[in-house]
Amino acid sequence: MTGPVQALQRRAAWLLVACWLIAPVGAWIAHQRLGMALAPADWQTWMWVLAGAPWLEEWIFRSLLQQGLAQSLSPRWGAPRAAWAAALLSAAGFALAHDPADGLAALWWGLPGLALALLWRQGAGLPACVATHAWFNACLAGVSAWWGPG
């Protein structure tokens, strides 16, 4: 019989696999249907897109914002509701921080933000969120390189 920690780890693993499998399709939709592109011009920008930005953003949105909101809301709302609210609010913050000029396209940025928030909520940890964020960026950059700028 498995305990709650093992069940949580199993759900995090399945969500992680799903994110990694769905990301290329999401990147294609973002590029082809919404005109989004990510085309780093030099190796320094590639390093930022694949390493720096994912670490910084996940540290801010998961470690600070999502975890902080969950902890501060928990006494009033209870842990499960506070965790969901924190996940939704951090996903919204993630979308707003990326602020695409397309208006409604900001909603699209909420999807990877929510996926990353759910990974964090399931206990995947910062390294898993950073790696998944880097994979999301790599997928959009790869689609942008293959099909050209949005």
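Predicted model: local features only at pLDDT ≥ 70, side-chain atom pairs only at ≥ 80, totals over all residues.
**View 1. Helix 2 and its bend at valine 49**. Helix 2, which spans residues 43–77, bends by about 40° at valine 49, and Val49 is itself listed among the buried residues of this helix. The buried residues of helix 2 pack against helix 3 (79–98), helix 4 (105–121) and helix 5 (126–147). Just after helix 2 comes glycine 78, which takes a positive phi of about 90°.

**View 2. The packing of helix 1 with helix 5**. The axes of helix 1 and helix 5 are 9 Å apart and meet at an angle of about 35°, and the crossing of these two helices is right-handed. On the helix 1 side, the contacting residues are Leu16, Cys19, Trp20, Ala23, Pro24, Ala27, Trp28, Ala30, His31 and Gln32, whereas helix 5 contributes Ala128, Ala131, Thr132, Trp135, Phe136, Cys139, Leu140, Val143, Ser144 and Trp147. Sorted by class, this contact of helix 1 with helix 5 has 16 nonpolar and four polar residues, with no charged residues.

**View 3. Alanine 13 in helix 1**. Alanine 13 lies in helix 1, which covers residues 4–32, and counts as partly exposed because its relative accessibility is 39%, a value between the limits of 20% for buried and 50% for exposed.

Key:
Residues numbered from 1 in each chain as written. Heavy atoms only, no water. Bend = angle between axes of the 7 residues up to and from the residue. Helix = DSSP H or I, 4+ residues; strand = E, 2+ residues; numbered from the N terminus. Buried < 20%, exposed > 50% of the residue type's maximum accessible area, 1.4 Å probe, protein only. Contact = heavy atoms within 4.5 Å. Axes fitted to C-alpha atoms, helices over the stretch in contact; angles between N-to-C directions. Left-handed = near helix turned anticlockwise from the far one by under 90°. Nonpolar A, V, L, I, M, F, W, Y, C, P; charged D, E, K, R; others polar.
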